[in-house]
Amino acid sequence: MLIVSVIAALAAGACFAAGGVLQQREASTAPEGESLSPRLLLDLARDKVWLGGIAATAGSFLFKAIALAFGPLTLVQPLVVSELLFAVPVSVRRHRLRMGPREWSGIIAVGGGLILGIIAASPSQGDVLPPLSSWAAMLGAIVLLMAVSLLIGRRLSGPPRASMFALAAVALLATQSALLAATVALFKQGIVTAFTAWQPYAMAVTSIAGLMLVQSAYQAGPLAASMPVMDTANPIISIAIGVVVFGESINTGAWHLAGAAAGLALLLIGIIVVDTSPLVRRVQQVEQRQQAAEADEQES
């Protein structure tokens, strides 16, 4: 049933792409003083466009749950990066622009890297309900990474600030995915079992905290500063959690490891090529000017 997991993960990536574009557009207009504050979410909750982005993100969450019910974390999370395959062409087309060789080569590299890496690694399901000691060690490492990222980010401004906030956000989102996988497994054992376990409640907390961090990253700078970090770090952190915490296995034969490494390298190169493309930045600048014009109209 891995095909179900693959299709659902791709659908999650498409929804996440739509949600990210809509959320960043509105979050970028929020006052800087609301960064890392629950007030940021309360203010954005009054915006219909932002709520549409949240609805798309909710769809991504649902599809990810389906994907994790049929496949391992090491398969699902890298596929969610497929958002680039949807977000960039749609965004460029919406502004009546055309993608050039750089953008198409980056998109092809992302898709090819995903296919090569997954086929070579051949990830298999592990135990998504490991001992509490394994969870504690993983959560401790995630909290440390987040604390360092936020501490550095608060001392910066502009795109570097957005990048550091994005790193903290994606660390929490990867944890959320791991907790979601555990929650899905618990519900398979029964509703009572699920609601008497700690994982569903921890997932709810990480979802809210992760949402605030993502919006803070969007508010701090353009997508070109936050999206490459999230797209790159998400599969890396998730694969580490899947292998180390859940005990998911990948094919460790020499040729398989080489293929997986080549696929990961191709994926990361494609992400960087696309997210730093002058055309993509041009689209973002156009959107920023439109947002500024809308803000001026509202004030007048």
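Trainee: Is Asp-43 buried, partly exposed or exposed, and why does it count that way?

Mentor: Bear in mind that this is a predicted model. Asp-43 counts as partly exposed because its relative accessibility is 27%, and the buried class needs under 20% while the exposed class needs over 50%. Asp-43 also has a partner: it forms a salt bridge with Arg-46, with the closest N and O atoms 3.0 Å apart. Searching the whole structure turns up one salt bridge. Arg-46 is exposed, at a relative accessible area of 67%.

Now step along the chain. A side-chain oxygen of Asp-47 comes to within 2.9 Å of the backbone nitrogen of Val-49, at the start of H3. Helix H3 covers residues 48-70, and at 1.5 Å a residue its 23 residues should span 33 Å; the end C-alpha atoms are 34 Å apart, so the two agree. Buried residues in H3 include Trp-50, Gly-53, Ala-56, Gly-59 and Ser-60, and Lys-64 is buried too. For reading such a list, recall that an α-helix has 3.6 residues a turn, so residues three or four places apart point the same way.

What about the record? The unreviewed UniProt entry annotates several spans as "transmembrane region", among them residues 66-92 and 165-186. In the model, residues 66-92 are 85% helix and 0% strand, with end C-alpha atoms 30 Å apart. Residues 165-186 come out at 100% helix and 0% strand, with 31 Å between the end C-alpha atoms.

Terms used:
Residues numbered from 1 in each chain as written. Predicted model: local features only at pLDDT ≥ 70, side-chain atom pairs only at ≥ 80, totals over all residues. Heavy atoms only, no water. UniProt positions renumbered as here; feature names shortened; annotations may be inferred. Helix = DSSP H or I, 4+ residues; strand = E, 2+ residues; numbered from the N terminus. Expected span 1.5 Å × (residues − 1). Buried < 20%, exposed > 50% of the residue type's maximum accessible area, 1.4 Å probe, protein only. Polar contact = N/O pair within 3.5 Å; in protein donor to acceptor, adjacent residues only side chain to side chain. Salt bridge = Lys/Arg side-chain N within 4 Å of Asp/Glu carboxyl O.
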